[in-house]
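Good morning. I will go through one structure today, starting with its aromatic rings and then moving to a single helix. Please have the sequence and the model open.

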Amino acid sequence: LLISSLFAAMGGLFSISMPCDQVVNQVSQYLCTHGSYIYSLSENLAALQKDIEVLKAKRDDVQRKVCGEEFTGRRERLSQVQLWLTNVLNTENRFNDLFSTNNVEIQRLCLCGLCSSNVKMSYIYGKRVVRMLKEVESQFSRRIFCVAKVDEMPVQPTIVGQETVLERVWTRLMEEGVEVVIWVVVSKSPENHRIQGVIAKKLGLEGEGWDQKNENQRALEIHTVLKRRKFVLLLDDIWEKVNLKAVGVPHPSRQNGCKLAFTTRSRDVCGRMGADDPIEVSCLEPEDAWDLFKTKVGENTLKGHPDIPQLARKLAGKYCGLPLALNVIGETMACKRTVHEWRSAINDLSSYAAEFSGMEDEILPILKYSYDNLNSEQVKSCFLYCSLFPEDHRLEKERLIDYWMCEGFLDENQSRERALRHGYEIIGVLVRARLLLEEVINKEQVKMHDVVREMALWIASDLGKDKEKCIVKARGGLCEIPRIKNWSAVVRMSLMENEIEMVSGIPECSKLTTLFLQKNDSLIHISPDFIRCIPTLVVLDLSGNSSLRKLPEQISELVSLRYLDLSWTCIRRLPLGLLVLKKLIHLRLDYMKRLKSVSGISKLLSLRKLQLLQSKMSLDMSLVEELQLLEHLQVLNVSIKSSLVVEKLLYAPRLVKCLQVVLLRELEEESHRVLAFPGMDSLRKLIIRMCEMWEIKAERKTLSSTQGFPNLSSVHISSCNGLKDLTWLLFAPNLTSLEVLDSGVLEAIISQEKATSVVIPFQKLESLRLHNLATLKNIYWAPLPFPCLKTIHVTECPELRKLPLDSQSVSRVEEFAIKYKEEEWFERVEWDDEGTKLRFLPFFKFFGPEWQQYNDFNDKGEDSHYYLTVLVNLTKLDAIIGVESFPAC
């Protein structure tokens with residue numbers, strides 16, 4: 001039966017006329033060779049499966065090595081290596097098809113595996129198994145001597161200082177045995193056809209018919225191959241979302257072990273691509289930046305003169321760790337061997353960097369991609385406006401938006417709240433595009449990278465064609481107004497932070513809309529002729545000119561003026577000419593220590609925002625009356641020194657709606673020992689110093705648990721020796737910063753006896769500072785959840801033994817710290833249970849003597865803003881006291 005079955009399966013290979021012994025011999029040979037396809041099938045299948053696993057392991061090793069070399073940019077794969085990888089892929093696919101029916105074939109075997117119920121089918125299947133065994137052995141035995149070759153053109157080496165980032169990325173991508181890595185440079189426009197072509201070439205799908213297929217057909221073919229592979233798809237330099245489904249890429253997931261990685265300059269793109277844990281490639285640290293710059297300049301140049309290394313460090317420092325600029329400028333300076341050339345380079349890059357070799361050709365156009373990708377001309381105008389400020393200048397977000405409003409970038413017909421929201425949205429767009437950098441500590445500030453600023457100035461000057469359109473000489477060491485050939489072309493001018501003494505006549509500047517003259521400490525005089533030459537001025541900032549005592553009456557001729565900042569000047573009275581400016585909407589008079597009166601301010605009929613914090617002239621009864629005449633007033637920031645004025649102000653409903661920042665100081669009238677606040681929707685910051693009230697309370701007839709002070713984010717209370725609690729804070733649900741200092745009778749922040757509301761306080765609190773509170777016993781009588789809390793500062797609070805914490809209180813412990821100064825207090829802290837103690841002990845940080853420095857400085861009163869700045873610079877702390885206490889900082 002076996003012989004006849006084999007004879008039939010083999011197609012009748014024996015001749016009837018052959019002698020019997022020859023037939024027997026031939027049958028025996030076929031049984032030994034071809035019969036083994038059947039009776040050795042199980043053994044052959046097991047061997048094939050084992051060999052395939054070994055081949056796949058070798059393939060993974062080769063693939064990992066090749067991809068590692070390609071990922072770092074050092075080498076590229078040989079064609080023979082790619083051919084081997086493609087052959088292994090094809091072999092594996094055919095094995096999968098063959099092995100998918102192995103159970104059926106095994107079940108056909110009979111007679112202890114010596115025969116089959118369908119000999120022909122078993123013979124054919126067994127023969128395929130044996131052939132594949134030989135093919136796999138051939139693929140496995142092939143020696144791969146070289147998996148990559150050096151590129152013919154030199155490539156960019158691994159960036160100095162970014163090795164750790166690359167290692168993190170590589171580890172994350174390769175952690176699950178990736179089989180194939182596909183790298184596609186996408187750039188500005190994600191064209192599906194081109195992306196599909198790169199993927200097809202990598203997978204060996206290209207052929208004569210590939211280009212004739214439509215996009216859907218190509219996508220289907222790519223999807224068919226990739227769905228059976230563990231792949232990593234690298235999309236380099238993307239500017240908008242890539243539709244993976246349209247390309248044919250299966251959705252990567254933890255289940256299928258596939259991964260998608262992409263590089264982009266836009267956080268918006270990260271969101272649209274579904275990146276849940278992006279890795280930010282930040283600028284280099286100073287020493288890494290110096291190492292990169294040194295490499296590009298070369299040792300011979302650096303040794304050309306003893307002064308060159310120091311000048312080189314200064315030059316490298318200008319680019320704040322941006323590798324692109326360090327590379328280009330370093331290569332440019334490599335041939336500069338004299339001190340004169342280096343000093344000239346520093347001077348050129350400080351005055352107008354776009355003219356420096358390599359900037360306009362290699363650096364600025366690349367950065368301009370981010371600008372070009374902004375979604376509207378409005379956003380672009382707002383961005384370019386940020387370049388008017390000096391290098392490393394920290395821009396307060398709301399002040400920046402105020403400039404934009406007055407310049408007309410934001411719709412002036414909408415409400416201020418809508419305009420503010422729109423302004424914050426634009427800042428968000430610029431931050432996500434990495435054109436502005438949000439400050440790590442103070443989230444209300446942003447700044448520009450120096451090279452991005454140079455790019456913005458270049459664009460503002462029509463790519464260098466009209467350099468006098470935007471004159472920026474901020475922090476330029478000027479002692480006088482710069483000489484300009486074509487004053488009629490100037491639209492914006494920034495001369496802030498110089499040493500200009502006199503501002504005198506210039507040729508008529510008919511297009512000038514913005515003039516920044518703030519922080520010229522030597523400025524003592526602005527001539528009437530100068531004012532007459534700038535008739536179209538919209539924004540004038542004179543803040544921080546501490547020697548300026550007078551403005552010319554001719555300011556009345558600035559009929560288009562909408563924004564005027566005189567804060568931190570020594571002007572004694574406002575010129576009468578100022579009061580006729582019918583378009584003025586923003587007037588800032590903060591910290592004017594000699595200002596005696598603002599009488600007549602009600603004549604500024606268009607005024608929307610008035611700031612009067614910490615000036616000599618505090619809010620009085622007559623000013624309250626005048627302010628009520630300003631029909632368009634929307635924001636009012638004031639200092640008050642009289643309880644009677646507080647009462648009159650708080651019961652002027654339209655003014656209460658405008659209050660944003662309020663400073664109460666030295667309120668001592670005995671008849672007003674209880675300060676009752678009505679609900680104030682607009683109030684953001686409240687500062688109370690050296691007041692003698694016994695209690696602060698919220699008037700329940702004007703608020704409920706859902707009203708009160710919904711926008712109050714910062715409260716600072718100091719030297720108020722009558723207050724025993726601050727229970728009214730229950731009605732400030734969005735409080736983020738609370739400082740309570742120097743009180744001899746305060747017993748609790750929230751009193752259990754007075755807290756009749758069920759509101760859970762401090763859900764948005766980020767910072768709590770308590771100092772010199774001799775009788776303070778508790779913050780809250782029970783543990784609280786603190787979803788946002790980052791720091792608790794406790795100094796000289798001897799009776800505060802328990803903090804309102806339990807093991808579940810703080811959700812983001814990686815950002816949390818409890819800072820203290822006295823070891824005795826730390827040792828006496830009491831805990832509800834051992835779990836809470838073990839959770840929070842690691843986050844206690846000794847604060848040192850800096851707090852006392854702050855306390856000494858704070859006693860200086862008027863100059864506290866200066867000492868605060870010095871102290872933060874010296875100690876490098878996150879903050880000693882929040883800027884809420886000194887709004888001008």
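Two rings of Phe, Tyr or Trp count as a pair here if their centres lie within 6.5 Å, and for Trp the six-membered ring is the one used. Keep in mind that this is a predicted model.

With that definition, the structure holds 25 aromatic pairs. I will show two of them.

The next slide has Tyr403 and Tyr563. Here the centres are 4.8 Å apart and the planes are at 40°, so this pair is tilted. How far apart in the chain are the two residues? They are 160 residues apart, with Tyr403 in helix H20, residues 397–407, and Tyr563 in strand S17, residues 563–565; the pair links distant parts of the chain. Both tyrosines, Tyr403 and Tyr563, are buried.

That brings me to the cluster. Tyr403 and Tyr563 belong to one aromatic cluster, together with Tyr385, Phe389, Phe409 and Phe516.

One more ring before I move on. At Phe840, the charged end of Arg839 sits over the ring, 5.6 Å from its centre.

Now the helix, which is H10. H10 has 12 residues, 215–226, and at 1.5 Å a residue it should span 16 Å; its end C-alpha atoms are 16 Å apart, so the two agree.

Which residues of H10 are buried? They are Arg218, Ala219, Ile222, Val225 and Leu226. These residues cover an arc of only 130° around the axis, which means they are on the same side of H10. On the other side of H10, Asn216 and Leu220 are exposed.

What do the buried residues of H10 pack against? Their partners are strand S5 (180–187), helix H9 (192–203), strand S6 (231–238) and helix H11 (244–247).

Last, the N-terminal end of H10. Asn214 caps that end, with a side-chain oxygen 3.1 Å from the backbone nitrogen of Asn216.

That is the end of my slides.

Notes
Residues numbered from 1 in each chain as written. Predicted model: local features only at pLDDT ≥ 70, side-chain atom pairs only at ≥ 80, totals over all residues. Heavy atoms only, no water. Helix = DSSP H or I, 4+ residues; strand = E, 2+ residues; numbered from the N terminus. Expected span 1.5 Å × (residues − 1). Buried < 20%, exposed > 50% of the residue type's maximum accessible area, 1.4 Å probe, protein only. Arc of directions from axis to C-beta. Contact = heavy atoms within 4.5 Å. Polar contact = N/O pair within 3.5 Å; in protein donor to acceptor, adjacent residues only side chain to side chain. Phe/Tyr/Trp six-rings, centres within 6.5 Å; stacked < 30°, edge-to-face > 60°. Lys NZ or Arg CZ within 6 Å of the ring centre and 35° of its normal.
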